[in-house]
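Hi,

Here is the model I promised to pass on. Have a look at it first, and my notes on its interfaces follow below.

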Amino acid sequence: ARRGAVLGWVSAMESADGAVRTLPSTGRLSRGPPFGRAHGRFGRSPSARVLPPAPRSQEKADPQRTALLLRKQWTLYSVTPLYRFSDAHLRDYSRLLSAFIAAEKQKGLAVEVGVELDVKVAISSLPELKGSNQDQAAVLVQLSLRPSASSKNSEEKLIWSGCFCSVSGDDLSENMPEDFTCLPLFLANGAESYTSIVGSWFQKTFDCYFRRLAISPLNLSWMAAMWTGCKVDRTASAVELVFSVPCLPQPLDISYAIHPEDAKALWDTVQKTPGEVTQEEVDVFMDCLYSHFHRHFKIHLSATKLVKVSTAIASAQCDGIIKFLQSQYLTGVLMLLTELAISQIQ
Amino acid sequence: MDVAVGEYIRRTVLKIPRDEIRTVLQKWGFLSEAQLQSVNFHQVKENTAREVVQLCEENSADIKQAAVLDIIYNHIYAEKRMWSVYQMNRTGEATEIFYLTDFKKKIKRRLRSALKNVTVTFREYEHNAIWIRIAWGTPYTKPNQYKTSYVVYHSQTPYVFISASVYKSNLPLLCQALVVASNYHDIREMELRSHSLNSLKDIVFKRYSQNFQTYCPRPLQDRNVEPESADLRIIQENRSEKERIQRVNREVFGDGPQPKIEFAQYKLETMFRSDPKMDVLDKKEPFRCLIKFSSPHLLEALKSLAPAGMADAPLSPLLTCIPQKARNYFRIREKKGLLPGSFVSP
């Protein structure tokens with residue numbers, strides 16, 4: 001009865017299978033409610049999304065803490081709800097995870113003679129990272145290498161970070177029984193081996209299930225459109241779309257980088273509803289870019305696979321890798337990613 | 001033998017794949033056959049390298065011989081470097097007779113008088129190819145054998161292939177030396193770069209099969225050796241369109257293998273034009289983009305796009321002109337006053 005959406009015990013992390021269950025959405029549907037988020041049900045991509053709120057200029061709630069998310073490459077996972085997790089016991093969890101890691105290392109994974117692998121675990125709460133009050137505060141897991149007695153360097157070195165979060169994840173948490181904590185989005189930075197160990201411990205301890213978050217070309221094009229429209233203070237970097245054509249005798253990659261002012265000028269004429277973006281608008285934006293390209297090269301970009309999107313505020317790849325570049329838009333991007341994670345879980 | 005020379009030889013040998021070391025050393029010819037017999041080439045590379053250095057010590061190798069070994073290595077593994085193409089011009093029609101000794105003397109003299117400390121080594125290969133290796137120093141420091149540039153000059157042509165190094169500031173001096181030594185007036189860099197030296201040669205020496213417009217009297221069916229399927233239930237749809245695409249592709253790309261280049265880059269400064277019904281961007285300024293195509297074998301990949309249904313046939317001349325124009329970097333601006341859709345490439 002307590003299983004919920006969990007699929008069972010898995011001790012290893014599952015890699016992205018690349019198939020996010022988003023059905024092609026019909027672009028001519030009527031728009032969603034202006035100030036309520038359109039719900040993505042059963043993996044269907046919404047016909048409209050509310051734009052993230054404009055960045056608050058005094059969003060200084062300890063920028064140090066959220067700054068640790070910026071400019072790093074994060075691998076994304078969706079996580080099913082955690083059973084009987086409590087943020088009052090973070091210290092205990094740190095100890096238990098630390099013991100687990102030590103035990104795993106003892107099992108004989110890459111042992112280097114003479115090097116002491118003393119991994120310190122710190123689990124903390126990041127209340128700044130949430131969208132609404134219903135959201136659970138984010139949980140940060142950090143692994144550092146404790147300096148060995150013989151080492152001259154007395155500083156701890158951060159070797160791996162993981163962050164569970166939920167930004168505007170009401171879709172999932174709405175009807176969740178009390179015992180479950182909803183933090184559907186997980187970000188990992190650092191060696192894959194540690195991600196695997198930490199993930200296994202959480203899966204065993206809280207009966208949850210991690211899965212690599214794949215980002216479909218459809219969702220990548222949403223990101224391209226939405227992020228292009230964001231106002232950036234400093235000189236923005238180009239809007240870059242990377243397309244891959246793997247099925248030819250020789251693989252081909254096409255990088256299409258547009259001057260940020262020109263991209264934004266195009267988007268501003270396409271996007272007509274204030275505060276909201278529709279599927280139709282995203283389609284028109286992408287079609288414009290495709291037809292400009294086709295005019296020059298006679299190649300149909302729509303027949304290729306969009307694999308990466310890079311803008312001044314963030315970059316995202318189809319295999320679920322993200323990089324946050326602007327602190328003011330951090331929550332907005334996390335909101336979109338939370339939605340994708342929930343979509344993958346349901 | 002100088003310790004630094006020994007170290008340089010050791011590092012050069014380590015770069016060579018284990019199974020090729022013997023062959024390369026034979027080409028070098030500095031160690032006798034008997035000496036080569038005494039080396040165990042089937043052990044760990046580090047040990048083989050040490051044995052080789054030991055023998056070089058016995059033969060009192062100096063930097064000149066070490067430099068020759070390096071040229072031989074780079075000649076065999078030329079694709080590890082990025083090559084740029086330069087074209088020299090001379091006024092007057094008279095073809096000057098090329099004197100190799102004169103050429104070598106002039107190059108050495110020019111470089112030494114400017115920098116005092118340079119190691120210049122020459123080696124001749126077939127088809128009048130002269131390889132030049134330059135290790136750069138300054139008037140106050142010895143030449144750094146690890147900071148080298150390589151030049152390949154085919155004496156009967158105006159083309160020079162250069163793989164520069166980090167010391168880009170030495171490039172003008174190098175170009176000047178080449179122009180003076182080969183009796184030309186000036187030199188300019190072409191917009192053509194690749195790892196494949198042979199493909200660059202194919203392109204500038206027009207050694208690929210060019211797409212001449214040929215009148216083909218035989219009906220196409222005779223040429224297509226595709227066997228008819230024995231099963232009458234299988235019908236080929238769009239047969240005539242498929243054949244048209246094949247024919248046009250052949251006309252545009254030629255029949256033979258394409259020169260091997262890995263990328264092409266287009267800086268677009270053309271206007272954005274759209275269907276007036278779409279009511280989008282209608283700026284009077286260019287829509288600035290930077291487009292990069294990359295592939296292990298770009299031209300073959302492009303050639304396969306139309307048959308795969310991802311591009312129109314014929315493919316845009318912007319792409320198919322790469323071998324003829326001998327360039328893979330382009331800047332495309334709008335042609336003024338002429339029909340829309342025509343581009344000019346400076």
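Two strands count as paired if DSSP finds at least two bridges between them, and the elements themselves are DSSP runs numbered from the N terminus, with helices (H or I) of at least four residues and strands (E) of at least two. With that in hand, A:Ala257 stands opposite B:Leu290 in E8(B). The strands concerned are E11 (residues 252-258) of chain A and E8(B), which run antiparallel and are joined by six bridges.

Some housekeeping: this is a predicted model, in which local features need pLDDT of at least 70 and side-chain atom pairs count only at pLDDT 80 or more, while totals for chains, interfaces and linings use all residues. Residues are numbered from 1 along each chain as its sequence is written, chains are lettered from A and ligands numbered from 1 in the order in which they are written, and side-chain values use heavy atoms, with hydrogens and water left out.

Now the chain interface. Contact (heavy atoms within 4.5 Å) links 42 residues of chain B with 35 residues of chain A. The buried area, meaning the accessible area (1.4 Å probe) that two parts lose on being put together, summed over both, is about 3,200 Å², and carbon and sulfur atoms give 65% of it. On the chain B side, B:Phe287, B:Arg288 and B:Met310 lose the most area, together 20% of what that side buries.

B:Arg288 also forms a salt bridge with A:Asp262, with the closest N and O atoms 2.9 Å apart. The rule (a side-chain nitrogen of Lys or Arg within 4 Å of a carboxyl oxygen of Asp or Glu) finds two salt bridges between these chains. Strand E8 (286-294), strand E7 (263-271), helix H11 (298-303) and helix H12 (317-320) of chain B each supply at least two residues to this side, and E8(B) gives the largest share, nine residues.

Within chain B, the assignment, which is automatic or from a database, gives domain 1 (3-78), domain 2 (83-204) and domain 3 (246-335). The centres of domain 2 and domain 3 of chain B, taken over C-alpha atoms, are 32 Å apart. Eleven residues from each of these two domains take part in their contact. Together they bury about 960 Å², 61% of it on carbon and sulfur atoms. B:Glu191, B:Arg193 and B:Ile203 supply 56% of the area that domain 2 buries there, more than any other three residues. Across this domain interface the rule finds zero salt bridges.

Happy browsing!
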